[in-house]
Each structure stands twice: as C-alpha cells, then as structure tokens.
Amino acid sequence: MKSKRHPEQPLRRLTGRYDRLLNSWLTVAAILFVVFGFAVCLLDDYPIYVDGLFSMATAGYFDQAAGIDGVLDRLMGKSQQHVPGYFLVLHAWGKLVNWSPLALKLLSVFFGITSLALIYRLGWSLIGREAGIFATVMLASLAYYNIWYLPIRMYTMFVAAALLLLWLYFRALHSRQATRVELVSLCFACVLFVYTHIFSLAMLCAIGVYHVFFVAKTRKWFLMSGAFLVAALAFLPWLRILIQGTAYATGRAEQAINALNSLDLLWAITSLGINASHLFLLTFALAAARAMKRDRPAIALWVILLVTMAFYVIVNYELRVIDFPRTRYAVIVFPLMILVMVKGFEAVPRRKLALLGILVFWLASGLLFQRRVGAGQFVRSYNTLPIHLVERHLRDTFLEGDLLTGWSDGLNLYFESVVYGGVADFYFAKHSVDVAIEHTYELGKSDDDSIGTMLRGKLNGHERVWLVYELDKSERYETLWQDALHSQFERCRTDDDIQNISIALYHRSSCD
C-alpha cells in the first residue's frame, strides 16, 4: 500500500534547496561567471568614445615608452581635475596585459566583477550571508551600473574601491582589537579610494560622520582614526593640483546651465539606483524601521547613505557640475542603496518566497529600464553605428582619396579630447581617406535643400565614396544621400552584414 505524501514535503524540499543555494559559494561564483561572460561578449560591440580616448592617452597608449612620470605629467598638464589612481592602474594593466583597446576594456570588466564579489562580502559580514547573495544579484542586474563595464573609464574601479573601504572599515570596527594588518589595509583602501575619483570625498565624509558620532571612543577608535589621517596626508601632494583643476571643472557655462537642481539630482540618483521601479522605495521604509529599533547595521548604512547623498547635493548646488549624463559621478551611492534595501528585506513577511518574487521583479525592472531609457543617454557610443567594425571591414579595400560618409545620431566623430583628436582620427588616421559622418543633431537644424548642397560639396573631388549608415535609422537622410550620390555616381558594391549596417561603394565613373 502506497503511503500518502504529506502536502508539506514538496515545500520543505523547495525550502531546503533554497537554503543550500543561499549558503553555497557556488551561487556567487555562478553570478560572477554569468556577468563576466555577458560583458566579454559585448566588448567589441561599441567603438571607443572621446572619454575612453582620454583615458588611453593619459595612461600611455600613444606613448608606451613613457613610464609613470608620463602619466602624471599628462594629468598635471591637461586634466588637473582628475586624480591619478585609475590612470596609473590602467598604465600598469597595459604594460602587463596588452595595450589593445579590447584588453584595456577588460580592466573595467575586472573591477566590475570585483565589485560584485566585494558587495557579497560586505553584505555577508554586515547583515548576513543571505543578504550578501541578494546584494550581489541586485548590483549585477542594476541597469545603470552595467553600462560602465565596457567604457575605458574609472567607474567600476570607483565602486570596487568604495566597497573595499567599507568592508575593511566595518571589519576593523567589529573585531576585538584592530590588528596592524587591519589598520594598514584600511589605510591602503582609503588611499586607493581617494585617488580613484574626486567624489570619493562624499563617502569619506559620510564614514567620518558615522565614525565620529556613532562609534565608541575606544583605543581602537583612535587607531582607526590614525589610519584615516595617514591616508589624508598621503593625498596632500595631489591636493594642490586638484584645486588648480577646479576652475576648469566648474567654469563651463553650458555645463552649469544643464546642471540638475537639488531635487532633480536626488530623484535622478534614486531612480537610477532602484532600476526606475519606485515600488522599491518601500524597502527603504522597512530599513528605516529597522534603524528606529536601534539595529546598528541599519543605522550605519542609513547614516553613510544620507551623508553621501547630501554631499553630492551640496557640492552640485555650489559648483553646478552634475547634469543627467554626469550622474555617473554618484555611482558609489548605488551599492549603498542596495545594501539599505537588502537590510529592509529582513522585515518582509513570508521572506523566502517573497524575496524570490522581489528579486524576479528587480530583474524585470532592470531589463525594462534598459530598454526604455537606453545606455546611449550616458555613453554616446552605445547608440551609434560601430565605426570600429566598419574600419576593420574596409581597411584592406580603401584607396587613397576615398570618402567615407553617412550619418549617426549617437557618436560625434569630430569632438576632440584635450589630449588626443576625435574618434575619426583614432580609427582612420592610418588610412588616406576622408571621413564625413554627419551627426543627426546638426542635420536636424537644416532643411533638405541645405543638406543636399552640403553633401554635393563633400562629394566633389572624390572618385570613390563609401556610404555607411544603420538600416533602421531615419529614411529622410537615406533619401538625401541617395539623391546626391545617384546624380554623380554609380553604385558598385553593397555589404549589409555588419550589425545591421549598410555599407555601399559608389564610383564616379564605371564600376569596372
């Protein structure tokens, strides 16, 4: 006779698997592996934009014989508003790994994966292992943060350095006595953080407020304070240079006009940090309730988050430096927001099933946000034709005097960095061709007749013309280019197999 299965047995088995999943390091390893795989698959999809060219030039891409002194000299001479940490690391990475653009992009991926590992470790030590898993999943699927895995910029390193500092700070704080290794590690993490980005001062100020007003003044407190003081002294050599660069960073009229006001900045940071799904604001209320019950991790996270955000608001109010695309300066706020939300999860009833539902909803919100907003609002090479793939495809077929023309709405090929020329120079300087990829923003200011006259002027003097454009872009410009070309040229060759890109060759004379 078969025994009847108790109705709670399947639920118990499911609960057991859930617990094993959350208590296994393999879960975190799987998350890191998946994110790394996606990032590597996308490495070659987008060209390098001007900010990436600046990073490469500063680190020594165009002068690989120069050493660390060359990196510092370029920063002091051309970009005094930056701190040198990331550029020195990028220089060492290029020397150690490879100077190719793809290899340099891998550094951002490396720090992105490191930040996921660090938020797991911080969440585990501060809240619990389950919280560490949730925080890792949420940071890995935060749509705005995922944007910065591919540009050759310092933002994933900025987040990784912030999480390293927080983890080492709370580790030393919660140990019985701060050992020499813990103090040296804390000092090193602080130096690394402050030398990665100038807005590290936001979180350093927040940690300082928490350390002064919420931590008992024991011998360990004074030792940790001494570690912070040594880190501050280590930053003094660059402080004078940074002050000189402040005038440049705050003196651009257009940037000041477009800067967000205080409420808009707070709303922009909050929306980006919750995948633009405002239902997650409820989790902040739950975390606040935990803080009201004198939950020390909740208090610590709330104090550091609020002071950090207040720093950004005050600085932007005074200096007017953050517009919507430059919300990237506040990227260190997002892991803090995630940790606060995860702390709020402790108050969710029927936690195990409910939290799985919350994570699924978070993932869906991230995908929806990515489709609705688009990464091109923040990194301009993300919504443009892959000019690097075009160059690679045509490099062996170019002839001296060829013209490459077309249009794009996301990448200004002629906007020049302070160290190196525009993107067109980087990809096409080695070819004896003229590049005239027009930007749709500028084209939109002119009528059809004016654009036609402009095009015919660019075509004069060229025997061969390559027309390049994305197949799903404006039909208006396709018609204008075709009309200008067909009046003087014969279409000889077409390639439509590069990421939805049309590449056509036109000859003024016969194709033969």
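User: Why is Gln499 called partly exposed?

Analyst: In this predicted model, the relative accessible area of Gln499 is 40%. Buried would require under 20% and exposed over 50%, so the 40% of Gln499 falls in between and the residue counts as partly exposed.

User: Where is Gln499 found, and what is said of its phi?

Analyst: Gln499 sits in the loop that runs between β4 and β5. Its phi is positive, about 45 degrees, although Gln499 is not a glycine.

User: Which value of phi does Arg320 have, and is Arg320 buried or exposed, or in between?

Analyst: Arg320, a residue other than glycine, has a positive phi near 55 degrees. Its place is the loop between α16 (296-319) and α17 (333-344). The relative accessibility of Arg320 is 27%; buried needs under 20% and exposed over 50%, so Arg320 is partly exposed.

User: How do you know that Cys492 and Cys511 form a disulfide?

Analyst: The sulfur atoms of Cys492 and Cys511 are 1.8 Å apart. The pair counts as a disulfide because the cut-off is within 2.5 Å. A search of the whole structure finds 1 disulfide. The angle about the S-S bond is -85 degrees, and the link of Cys492 and Cys511 is left-handed.

User: What parts of the chain does the pair link?

Analyst: The pair links distant parts: Cys492 belongs to strand β4 (residues 490-498), while Cys511 is in the segment after β5 (501-507), 19 residues apart. Cys492 has a relative accessible area of 28%, and Cys511 has 28% as well. Buried stops under 20% and exposed begins over 50%, so Cys492 is partly exposed, and so is Cys511.

User: What makes Cys41 count as exposed?

Analyst: The relative accessibility of Cys41 is 63%. The label applies because exposed means over 50%.

User: How do you know that helix α22 has close to its expected span?

Analyst: Helix α22 (residues 448-459) has 12 residues, and from its first C-alpha to its last it reaches 16 Å. At 1.5 Å a residue, 16 Å is expected for α22, which the helix comes close to. Gly461 follows α22, and its phi is positive, near 90 degrees.

User: Which residues of α22 are buried, and what puts them on one side?

Analyst: Ile451, Gly452, Leu455 and Leu459 are buried in α22. They cover an arc of only 100 degrees around the axis, so they lie on the same side of α22. As a rule, an α-helix has 3.6 residues a turn, so residues three or four places apart point the same way. Asp449 and Thr453 are on the other side of α22 and are exposed.

User: What do the buried residues of α22 pack against?

Analyst: They pack against β1 (403-408), α21 (440-443), β3 (464-470) and α23 (475-486).

User: What is the order of strands in the open sheet, and what makes β2 and β4 edge strands?

Analyst: The sheet has 5 strands in the order β2-β1-β3-β5-β4, and its pairing is mixed. β2 (434-439) and β4 are the edge strands, since each pairs on one side only. From one strand to the next, the twist averages 15 degrees.

User: How many bridges join β1 to β2, and how many join β1 to β3?

Analyst: β1 and β2 pair over 6 bridges in the parallel sense; Ser408 stands opposite His439 in β2. β1 and β3 also run parallel, joined by 4 bridges, and Leu403 stands opposite Val465 in β3.

User: How do you know that both faces of β1 are covered?

Analyst: Leu403, Thr405 and Trp407 on one side are buried, and so are Leu404, Gly406 and Ser408 on the other.

User: Which strands does α23 lie across?

Analyst: α23 lies across β1, β2, β3, β4 and β5, and runs at about 170 degrees to β3.

Definitions and conventions
Residues are numbered from 1 along each chain as its sequence is written. This is a predicted model: local features need pLDDT of at least 70, side-chain atom pairs count only at pLDDT 80 or more; totals for chains, interfaces and linings use all residues. Side-chain values use heavy atoms; hydrogens and water are left out. Helices (H or I, at least four residues) and strands (E, at least two) are DSSP runs, numbered from the N terminus. The expected span of a helix is 1.5 Å times one less than its number of residues. Buried means under 20% relative accessible area, exposed over 50%, partly exposed in between (1.4 Å probe, protein chains only). The arc is that of the directions from the helix axis to the C-beta atoms. Contact means heavy atoms within 4.5 Å. Two strands pair if DSSP finds at least two bridges between them. Axes are lines fitted to C-alpha atoms, for helices over the stretch in contact, and angles run from 0 to 180 degrees between N-to-C directions.
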